[in-house]
Amino acid sequence: MNKDVIPLKPMLPTLQTSLPSSNEWVYEPKYDGFRGILTIGESHSTLISRHGTDLTTQFPEIIKSTKDFVISKNLPLILDGEITCLTSKYCSNFLHVQKRGRAISASTITKLSNQFPSTFIAFDILRYKEIDLLNTPLDERKSILSTLFSTIVFSHPINIVPVPYFNQPNEILGEIFLHFGEGLLAKNRKSAYAPGKRSTDWIKVKNWRKVHCIVTSWNSENDYFTCGIMGKDKVIKIGQVKNGFTREERNALIEAIRSNGVKRNQTYTIEPSICIELNYLQTLSENTLREPTFSTFLLHHTVEECTQKENGHYESSVS
């Protein structure tokens, strides 16, 4: 990374279970990728992750697209957005983005950029020419961003695009659900940009998928519960969960496992009997879940109902 570049830390949304709804808000799809700050200058451009990692080399097609902005003479520019590998207009494959971000050798980066091309979804503009826009209301920043993109003559393929945004959540919620998008962002029209701060001026609501599964064990050292679904003749592990429980729910589950399970080292194992519902974002490799979160106990379910077939849309390679 160029030592003269001091990347801004991105403003962060607050996770909630429901969206605000009034004329004070605009709504955007939430993409499942890497948050990135894209700085475009006359002689060089940089792409820095939320945590300060330089990803400029890993996503060369995005950097190549910055040349179209250089030609427009609107520099310097700082754009906030999401690094994605789009599977549809409203959905990004996080595993592909993750694989891209981990690539090191030039040959691997080239191979993956052809196999899983990336797109930078720009949803905010923080600097335009010599103007610092951090204290400019979001509405005005959106207008400047829209004007900027309308003046660019893009080469093909286009790897930097503006985020679509809407005045009402119902204009986009159906599409996000249909395309398995990660969720929706609501942003206050009058909000300034607060670098590195998590703010209730930006609200995120996730498009959770659900799976009915069986608790098989609890590790007293790390406090994770292991869960699975019924296969043909055994329970198939699908992940571990720690978050989402109230104190009372966690204590009740631990007590049930301790009373009925078998302890070996720090792990209590229990025969298939306790069914719960989990929220999750997507299925990762080896059928494990991304961001599993406890939803509720399924007191009237049997373990035979916690199968891949009964779960319907649960995506798994298990046959």
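Visitor: Are Phe149 and Phe154 buried or exposed?
Guide: Phe149 and Phe154 are both buried, a term for under 20% relative accessible area, with exposed meaning over 50% and partly exposed lying in between (1.4 Å probe, protein chains only). The model is predicted, so that local features need pLDDT of at least 70 and side-chain atom pairs pLDDT 80 or more, while totals for chains, interfaces and linings use all residues. Residues are numbered from 1 along each chain as its sequence is written, and side-chain values use heavy atoms, with hydrogens and water left out.

Visitor: How many aromatic pairs does the rule give, and what makes the pair of Phe149 and Phe154 stacked?
Guide: The count comes to 11 aromatic pairs. In the pair of Phe149 and Phe154, the centres lie 5.9 Å apart and the planes are at 25°. Rings of Phe, Tyr and Trp (its six-membered ring) pair if their centres lie within 6.5 Å, and planes under 30 degrees apart count as stacked, over 60 as edge-to-face and the rest as tilted. Elsewhere, ring pairs join Trp218, Phe225, Phe245, Tyr268, Phe294 and Phe297 into a cluster.

Visitor: How do you know that the charged end of Arg290 sits over the ring of Phe94?
Guide: The charged end of Arg290 is 3.6 Å from the centre of the ring of Phe94. The rule asks for NZ of Lys or CZ of Arg within 6 Å of the ring centre and within 35 degrees of the ring normal. Lys142 is likewise placed over the ring of Tyr165, with its charged end 4.7 Å from the centre.

Visitor: Why is Asn159 called buried?
Guide: Asn159 has 6% relative accessibility and therefore counts as buried. Asn159 is placed in the loop between helix 4 (138-151) and strand 10 (160-162), where helices (H or I, at least four residues) and strands (E, at least two) are DSSP runs numbered from the N terminus. A polar atom of the Asn159 side chain lies 2.8 Å from the backbone oxygen of Ser118.

Visitor: What makes Ser191 buried?
Guide: Ser191 is buried because its relative accessible area is 3%. The loop between strand 11 (183-188) and strand 12 holds Ser191, and its side chain reaches the backbone oxygen of Asn188 at 2.7 Å.

Visitor: Why is Arg50 called partly exposed?
Guide: Arg50 has 35% relative accessibility, so the class is partly exposed. Arg50 lies in the loop between strand 4 (45-49) and helix 1 (60-72). Its C-alpha atom is separated by 6.3 Å from that of Lys9, 41 residues apart along the chain.

Visitor: Which residues lie nearest the centre of the largest pocket?
Guide: Lys30, Gly33, Arg35, Arg50 and Glu82 lie nearest the centre, among 25 lining residues. Strands 1 (12-15), 2 (25-30), 3 (34-40), 8 (119-128) and 12 (198-206) each give two or more residues to this lining, and strand 12 gives the most, with 4.

Visitor: How many residues of the lining of the largest pocket are charged?
Guide: The lining divides into 11 charged, 10 nonpolar and 4 polar residues. Asp, Glu, Lys and Arg count as charged, Ala, Val, Leu, Ile, Met, Phe, Trp, Tyr, Cys and Pro as nonpolar, and the others, Gly among them, as polar.

Methods: On a 1 Å grid over the protein atoms alone, a cavity is a set of points where a 1.4 Å probe fits but cannot get out, and a pocket is an open set with protein on both sides within 12 Å along at least five of seven lines; lining residues have an atom within 4 Å of a point. A polar contact is a pair of N or O atoms within 3.5 Å; within protein, one must be able to donate a hydrogen and the other to accept it, and residues adjacent in sequence count only if both atoms are side-chain atoms.
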